[in-house]
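Student: I would like to learn how to read this model. Where do we begin?

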Amino acid sequence: MLLEVSNVVKHYPITAGALFKHVVGQVRAVDGVSFDLAAGETLGLVGETGCGKSTLARCLAGLHPVTSGSVRFDGTDITNLPRRRMRPYRRDIQVIFQDPYGSLNPRRRVGSIIADPLVIHRVMSGEQLRRTVQELMERVGLNPEHYNRFPAEFSGGQRQRIGVARALALRPRLIICDEPVSALDVSIQAQILNLLKDLQVEYGLTYLFIAHDLSVVRHISDRIAVMYLGKIVELGAADPVYDRPRHPYTNALLSATAVADPDEAQRRRRVVLTGDVPSPIDPPSGCRFHPRCPRAQDICSTEEPLLEGTEGTEGTAACHFPMEVVV
Amino acid sequence: MRAFLLRRALLGLLVLWLVTLGTFLLFYVAPSDPARTLAGRQATPEQVELIRHNLGLDRPILTQYLDYLGKLVHGDLGQSYFSGESVGKLLAADFPPTFSLVLGGAVLWFSLGVGAGVLSATRVRSLVDRGLTLLALAGVSMPTFVVGLLLLYFLFFQLTMAGVPVLPPDSYVPFSENPAEWARHLILPWVTLATVQAASYARLTRGSMLDVLGEDYIRTARAKGVPERSVIYRHGLRAALTPVVTQLGVDVGTLIGGVVVTESVFGLGGVGQAVVQAFISGDLPVIMGVVTLATTAVVVANLLVDVAYGLLDPRIRLS
Amino acid sequence: MTLTEIRPGAVGGGPVAGRGPWQLAWRRIRTDKVAMVSGAVVVLLCALALAAPLIAAWTGHGPDEQFRDTGITAQGLPVPPNGEFWFGTDRLGRDLFVRVLYGARVSLLVGVVATGMAALVGVVVGLLAGYYGGAVDTLLSRLMDVVLSFPYLIFAIAVVSIAGPSLTATIGVIAFYSWAAIARVVRGQTLALKEREYVEAARSMGAGDLRIMFVDILPNLLAPVIVLTTLLVPAAIVFESTLSYLGLGIVPPTPSWGNLLSEAQGFYRVAYWYLGFPAATLLITTLAFNLLGDGIRDAIDPRMERLFSRRRRTRKGA
């Protein structure tokens, strides 16, 4: 396994007090997440805004320390490594960020932005560096002549290509894509997704692909994990999860996405969730989804369901009353 | 709110302590020796030592500083090395001209500055606005003493030469002696202070007013038919004054220490001139007294600003 | 790969080197007449100050040379402006024009050097406070508060009584008082900038703190720092003249605008030019710097007015 995530927890303390700060609560952004990622695989991580998927991504990228749990990369424990010892792993783990406007420094030229990882890790310099950067630009579909331009002179899709080129520069093994297309127009989303797919084949990349939209993830992912309030509620191969969701939350998410095929749309019943997402400061007891779940029963509010498979299915779902498999 | 003010007050005490400590240490680095100065040129080393002992200057710095702090807690600022008088009394004597100057000047500059700022903000990019902006910039660009000297030249000298001696040149007449003369003698100093300060207040008010007038609640007020006058003065100005009042709080500090210039241009003889004198002669108790008072004034003014924030701008809740 | 999303104007032709934020600002400021004239005035003044010895040699009047025959009237008073002494003479019969030029050297030097030092310190302190936050921020912010609330003239008097009035002491006092204003703005901006995704991106690539502060954050701070610095130069010039006026700054016979004006105080009733020319030169200089600063601000980011209208502090002996 390239990446082994076990029981990762990330809590943010809430402090109060004018003179002496004390902790009055915890935001349970990520609350016990485990999964494995094989080399060359793509895992799609899906959930609504605020479910903790971006926090998880930042924890895995070593940007935020985790509260507990462990992250292993290629067999080595890299959980909360001090900065110096984390450095070699940063070459292997790169991030593509969501906001193609915010993730590129507006005051720096595109060439120097893409060269950043190569410069930081002192891989090369001078003429060789410029050539490499221009090759990268060409590879991701940018005009290498635009080396000296500023980010503001590019469109959203082009900027995301810059982000891809930067993540690719060090030939990493794992790329964490934090909603790389959600800020883009639908027509451009497909182009970026195709680019990512091509690059994966070419360089043998492994992706952790985060999105809030199941339909985006489906085309690129081998497996899909669905997150709700800091926990994974369903995890399985992409097609079964998409076609035969087991967790009521996954079902609700799916029914909310637009479907192009009218027959398919006919077959689907739209599941409308009631209520708001509860606060991660004080999550519901038992199954966290129970206050909004159409299938909830008494046990759901007292006992927390484990993420486990049921007979005859490939995936796992954390639900006491998983959806029946419709054949 | 209470916790917030408490924290600010403690912070203020810390600032006060640091500033007094800094001044004290600074004084000890200084080459000036008050005992030597006091003893005069002909004094023998023994006499100088005696004076030094009498003033308590032969004790370790720490003891002297603790002694100062101990007295300060009881409201005692100590005695001047030179006249032997209590510093409190000395400053009290110097206080009236300074206070008169600051008070009148502040009233004048605040009303002029805010008035001009509002006028500018309500007529953005008009001739009035441009003119006032340029005038304000000119004010910001001029040292106080130049303004004072120019006023003296035109309003005292040229007027007097032209046979209209309405304004006197300088010196201070106590209010208790003759209120009319008091005001007459202070008009030029007031205008001097006001010209310079009103300029930055006009700029500040204009910017802040423009910010506020662009806010949604102002548009709502206009949309529901609140008269324009009321929109500007009741809804707009109230919120726009917040940063202006902050500045006023900050300026109290600059003023207490900084009236020196106006005082010396017009020969008013106040606290500012006293401290210059004290520094030149090395009269530590007087210096410490002025620094302590000035810093206290700054701290208190900033605290008042924090309170005024909550009263002026309903958007801000202190927490 | 497709080129469909490249804007038509960007495809083919077009300059390869991009039009960056600075070029755009330059284009905007070129259309601002007031700013351009102010800039020209500033450049001209600097040129005149640099050329002061040449001009002095050309007039044949040294800056400290006393002309007891032609420069003083029979009553021992200064001579009004004439063909020989363009700005008239001072109380010792020296050429005021030459002295004003020499004064410009000192005043501009003090203004620029003190502000430059303040900008350097302010940027570093502000970056550290804003970037590291926590205890570092608390400590540095308190320090800024103390500096900003300390009655500065008293401080200036104290320093001068220790070190004695000199050029170095003047520059030091002014720099000490100006850095905190810059540090405050830089800190605030850094607080906002460090949350940007590109900073996170840099960290994810393994960039160190220093690299993030100076390569990723600093370029985005330059605009406000440049504006603030331009506006602090005239404030420093005013400050210098105030100090010199009180006898705490530049000491005669070295002429500075402050001590020229200070000398003029006793003579304004009989020699308007003695006060008038130095005052006018000073006013033109500071006004030009202020107008230039406003112009740069508008050109870089019209919305920045908010940032400064609230934070800008003018310091002068009131």
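Tutor: With pairing: two strands pair if DSSP finds at least two bridges between them. Strands (E, at least two residues) and helices (H or I, at least four) are DSSP runs, numbered from the N terminus. This is a predicted model: local features need pLDDT of at least 70, side-chain atom pairs count only at pLDDT 80 or more, and totals for chains, interfaces and linings use all residues. Residues are numbered from 1 along each chain as its sequence is written, while chains are lettered from A and ligands numbered from 1 in the order in which they are written.

Student: What is the strand order in the open sheet of four strands in chain A?

Tutor: Strands of a sheet pair through backbone hydrogen bonds, either parallel or antiparallel. Here the order is S2-S1-S4-S5, with antiparallel pairing. S2 (22–37) and S5 (76–77) of chain A each have a single partner strand, so one side of each lacks a neighbour in the sheet.

Student: How many bridges join S1(A) to S4(A)?

Tutor: Five, linking S1 (3–16) and S4 of chain A in the antiparallel sense. Val5(A) has Val71(A) in S4(A) as its bridge partner.

Student: And how many join S4(A) to S5(A)?

Tutor: Two; S4 spans residues 68–73 of chain A and runs antiparallel to S5(A). Arg72(A) faces Asp77(A) of S5(A) across the pair. The hairpin has two residues between the strands, and Asp74(A) takes a positive phi near 50° there.

Student: Which residues of helix H9 of chain A are buried?

Tutor: A residue is buried if 20 or more other C-beta atoms lie within 10 Å of its own, exposed if 12 or fewer, and partly exposed in between, with C-beta atoms placed from the backbone. In H9(A), residues 248–256, these are Pro248(A), Tyr249(A), Thr250(A), Asn251(A), Leu253(A) and Leu254(A).

Student: What do they pack against?

Tutor: Contact means C-beta atoms, placed from the backbone, within 7 Å. The buried residues of H9(A) pack against elements of chain A including strand S3 (42–46), helix H7 (214–218) and strand S10 (231–237).

Student: How many helices and strands does chain C have?

Tutor: Chain C has 12 helices and zero strands. Of its 318 residues, 52% count as buried. Among contacts in chain C with a separation of 6 or more, 72% join residues 24 or more positions apart.

Student: Which residues of chain C does UniProt list as "transmembrane region"?

Tutor: The unreviewed entry lists several spans of chain C, among them 34–58 and 221–251. UniProt positions follow the numbering used here, feature names are shortened, and annotations may be inferred rather than shown by experiment. Residues 34–58 of chain C are 96% helix and 0% strand, with end C-alpha atoms 32 Å apart. For residues 221–251 of chain C, the values are 81% helix, 0% strand and 37 Å.

Notes: Two residues are in contact if their C-beta atoms, placed from the backbone, lie within 7 Å.
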